[in-house]
Amino acid sequence: MGGPKNMDTMYTATDSEKNKIMPGTLYLVATPIGNLSDISERALKVLSGVDFIAAEDTRNTLKLLSHFGISKPLVSYYQHNLRQRGEAICERLMSGESCALVTDAGTPAVSDPGEDIVKLCAEKNIAVSVIPGPCAAISALAISGLSTGKFVFEGFLSGSKSERKRALSSLKQEKRTLIFYEAPHHLLKTLSDLLEFFGNRKLALCRELTKINEEVIRTDLASAVGYYTEITPRGEFVLIVEGSGEESLKPDETVPAYEQVENYIQAGLDKNTAIKTVARERGVAKNEIYKEYLVYSEKKLR
Ligand code: SAM
């Protein structure tokens, strides 16, 4: 095999090999994110042709396989067994078997355990081949209506408070469009954090893509926080957030701070989040905005 010196050797199939199942190869097979018709012809061919399939959730994958009439030995490969199971899969690959890796949905190795086994194969010089297809991040970006020329994929924000704070602070000045994955039960917290760190920005909430309840809500962070304070989020979400350079919702600083707080409260934010957001947007202490708002509220009461 050729390739530049001092670089990891990459496996390149010759033309005649391209549609064959090659021994000793790990196939990353993208699967539908909601609509079974999105499976590719090549994905089905590979799933039918490999020696075995490694699946993040074997029950999910069994449903997919039985829908297409494919029967294949399955091994589970998921977050909590990825090290030891990854090694075992590599052993089988090195002995000449072929394996297809499928994760829960979409493209394996994008924010899922697939990343780990691809690194392991790279270290061991095992051939990896990709069968491209659905990916939630790219589908959401495409439909978002926001700038798509340059973007940053952040995946899931960390659950640790300090990690999250560090990540959001470092993204505050990011000019490119931002992509986040989020589970429904963490959505409101994430939207509130994004609003607090970034100020109000345009956002597309892409929910249940390719499924019956597919929905794209093109709104802004403050309105989204207000909306999901009232309504319980359901389904799977990708958040596409405008980069900092766009400034389409740059706060109008000619509007007094107390009025901006009031606007956010009207949009559905609680008082504290509204005050924190205005303080961050204007680069002033929270206390200052709080005092201004207090004077305004007292006047309103008289
Ligand atoms: N590897 C997958 C891919 O290529 O899209 C992503 C795996 S990640 C563990 C799962 C996350 O993807 C979900 O929490 C959600 O944020 C997003 N997702 C998956 N399917 C989706 C769908 N149909 N609509 C919206 N988001 C989806």
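**Whole chain**

Keep in mind that this is a predicted model. Turned along its principal axes, the C-alpha trace spans about 80 × 45 × 35 Å. The chain has 302 residues, and 43% of them count as buried. Of the contacts between residues at least 6 apart in sequence, 70% join residues at least 24 apart.

Now switch to a surface. The chain exposes about 16,200 Å², with carbon and sulfur atoms supplying 50% of that area. Colour by charge next: there are 38 positive and 40 negative side chains, and the centres of these two sets lie 3 Å apart.

**Helices H7 and H10**

Select residues 187-198 for helix H7 and residues 271-282 for helix H10. Two packed helices are described by the angle between their axes and the distance between the axes. Here the axes come within 7 Å and cross at roughly 35°. Show side chains at the contact: from H7 there are Leu195, Glu196 and Phe197, and from H10 there are Lys276, Thr277 and Arg280. By type, the residues of this contact are two nonpolar, one polar and three charged.

**Helix H9**

Move to residues 257-267, which form helix H9. Which residues of H9 are buried? They are Ala257, Gln260, Val261, Glu262 and Tyr264.

Leaving aside residues up to four places away in sequence, Gln260 touches Val255, Val278, Glu281 and Arg282. Then step past the end of the helix to Gly268, which follows H9 and has a positive phi, near 120°.

**Leu146**

Select Leu146, in the loop between helix H5 (136-143) and strand S6 (151-156). Is Leu146 buried or exposed? Leu146 counts as buried, because its relative accessibility is 17%. Beyond residues up to four places away in sequence, the neighbours that Leu146 touches are Lys202, Leu203, Ala204, Ile240, Val241 and Glu242. For a distance check, pick the C-alpha atoms of Leu146 and Lys175: these residues are 29 apart along the chain, and the atoms are separated by 12 Å.

**Arg207**

Go to strand S8, residues 202-207, and select Arg207. Arg207 is buried, because its relative accessible area is 16%. Display what Arg207 touches, again not counting residues up to four places away in sequence: Asn213, Glu214, Glu215, Tyr228, Arg234, Gly235, Glu236 and Phe237.

**Glu115**

The last stop is helix H4, residues 114-124, where Glu115 is found. Glu115 counts as partly exposed, because its relative accessibility is 40%. Draw a line from the C-alpha of Glu115 to that of Ile126: the two residues are eleven apart in sequence and 14 Å apart in space.

Key:
Residues are numbered from 1 along each chain as its sequence is written. Side-chain values use heavy atoms; hydrogens and water are left out. Buried means under 20% relative accessible area, exposed over 50%, partly exposed in between (1.4 Å probe, protein chains only). Contact means heavy atoms within 4.5 Å. Accessible areas come from the Shrake-Rupley method with a 1.4 Å probe; for residues, only the protein chains shown count as cover. Lys and Arg count as positive and Asp and Glu as negative; His and the chain ends are not counted. The place of a charge is taken as NZ of Lys, CZ of Arg, CG of Asp or CD of Glu. Axes are lines fitted to C-alpha atoms, for helices over the stretch in contact, and angles run from 0 to 180 degrees between N-to-C directions. Helices (H or I, at least four residues) and strands (E, at least two) are DSSP runs, numbered from the N terminus. Ala, Val, Leu, Ile, Met, Phe, Trp, Tyr, Cys and Pro count as nonpolar, Asp, Glu, Lys and Arg as charged, and the others, Gly among them, as polar.
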